[in-house]
Every structure is written in C-alpha cells, then in structure tokens.
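Here is a short briefing on aromatic rings and their surroundings. Look at the structure first, then read on.

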Amino acid sequence: FEGLAVVNVTGYYKDVYDQTEQFGFLDKNVYGVDPFGRVSNLPFSSYFCGDYGDARGVEISLKTLFSQYFVVNLNYTFSKSTRGTATPRQVYIDENGNVTYNWYVEASDRLPTENSFSRPHILRINFFVQYPDYWKIPLLSPLFRNSDLNLLYRYVSGQAFTFLEPDDPPDLLDNHRFPARQTWDLKFNKYFQIGSHGFTLYTKITNLFNQKNIKTWGHPYPYDGGAMEKFVKTGEPTLIDADGYNISYMIYYPPRSIYLGLRYNFR
C-alpha cells in the first residue's frame, strides 16, 4: 500500500518424517544378544527413525511507511507443530536373530500431539518513535533531540498439556493450555556527538509492567502428584514443593529487569 504500509502474508506446511526421538524413561530400547553371544535382557538404548510430525501455519507482517519518525512493525503467526509415534516401543532380538516388536497399546501414545515448543498464536508489535529534528519545543527539544524509543509488545500462547478427568476418553490430547505470556519491553537511546567521538546512552527494561507469566504448574522433583490437578481446577500453581521449599522462582518467567548502558563509537 504505497506510502502507507507494506504487508506480507506467508502460508507454510512442512511434513516431517523419519524423526529420531525418544519418548519416556527407558523407552524405545532394543533387548538382544550381548557382544559375547549370550542371550541377555540388557537394553541397548536407541533412537528410532519412523516417528512423524508436521508444522503448519500462516504468518502476517505489516510495517508502516507514512512517517520516518513513527513506525509500527507488526508480526502475527498462527501455527502448530506436532509429532506422533509410528515405531515400536521396544524391540526384542533372540539368539537366532528373530525379532519381536512391542508396540504402544494406548492410542494416546501414538496419536499426534503438540511439541513442547509449539505456540499457536504469536503476536509482536513494535512501536518506534524518534524525536523529529524540526520540532522546536522549549525544554523538550534540548532533552529529547537525537533520541529514539522502542516499545515491544509480545503475546505468546502457552504450552499445551493433557489432563484427563475420569469421564474423558483416553485418546484425548492437549485439552489444556498454560495462560498466554504477555510482556512489554522498552528501550530508550540518547545520542551525543563530540567531535569524532560518538556516545549512546541507553536504558533497556524487559517485562516493563512486571507481569507474572506462568510457565509451569509446579516442580516434579520431589514429585507432587496433585500439582497439575490443582492448576487445572483453580488456575493456581504450586509454589512450595513436597519438601517445603519455595520454588516460585521456577514457576514464573523472569520479572522486570532494568539495564543501563553507554556505547562509544570512534570515527
């Protein structure tokens, strides 16, 4: 849109196959003959090919063009990344070389589910403001001339997880999700030039409004079997582990942080 904005729209789909991934503890093992020719039940841990998945989505980006002093960059993505299991859980090989496969019994162990890094909705909006050279405002111009400010808003969907009630079907997957993560970040730059020496004084503030974004419902070690159910029913994470220690620092994403810096350039 000439003189106003530029917009890009991209759709994508990627079929993923022959993944190598190991699910669960002591999962996907080969039980067979040891190097000395004796029959052994010793498992040889192995990553198997044959697991599958896909990544699909659409991305929309927009950048304004109507002003060099005020620019908005917007990027939105709707996507999902999944994986499933197509290979046997275990393989048994006897002394004659006969192979027996132990397949996953539960459908939920084979059906596609979201990867841990899958986030369906990701929105980023960046606001860039530069103090215009032609503004001649007493008090403000001497203070903000040769300066700019960036303000970044991010919205990221929470990770999906499965929690089954007694009446839920056993093949129900990804029926719950953590709350979305929302943050504002700010950076302010002030430029100085003294002869051939350039200086940039800046401040950067992450999580500007100090929002408490949840990333987990509780800590599994020592295991707390009721932490997930409590989170699903009440929305409250478990902040004290089974040994009585405060683990709130592991429950939330980082709080507000303030950085100050000075950059020097020599021409």
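Tyr 101 is partly exposed, because its relative accessibility is 48%. Buried means under 20% relative accessible area, exposed means over 50%, and partly exposed lies in between (1.4 Å probe, protein chains only). This is a predicted model: local features need pLDDT of at least 70, side-chain atom pairs count only at pLDDT 80 or more, and totals for chains, interfaces and linings use all residues. Residues are numbered from 1 along each chain as its sequence is written, and side-chain values use heavy atoms, leaving out hydrogens and water.

**Aromatic pairs**
- The structure holds 14 aromatic pairs.
- Rings of Phe, Tyr and Trp (its six-membered ring) pair if their centres lie within 6.5 Å; planes under 30 degrees apart count as stacked, over 60 as edge-to-face and the rest as tilted.
- Tyr 101 and Trp 103 make a tilted pair, at 5.9 Å centre to centre and 45° between the planes.
- Trp 103 is partly exposed, with a relative accessible area of 46%.
- Phe 178 and Trp 217 are stacked, because their centres are 5.4 Å apart and their planes are at 10°.
- Phe 178 is buried, at 7% relative accessibility.

**Aromatic cluster**
- One aromatic cluster is formed by Tyr 131, Trp 135, Phe 144 and Phe 188.

**Charges over rings**
- A charge sits over a ring if NZ of Lys or CZ of Arg is within 6 Å of the ring centre and within 35 degrees of the ring normal.
- Lys 187 has its charged end over the ring of Tyr 202, 5.0 Å from the centre.
- Tyr 253 has Lys 215 over its face, at 5.8 Å from the ring centre.
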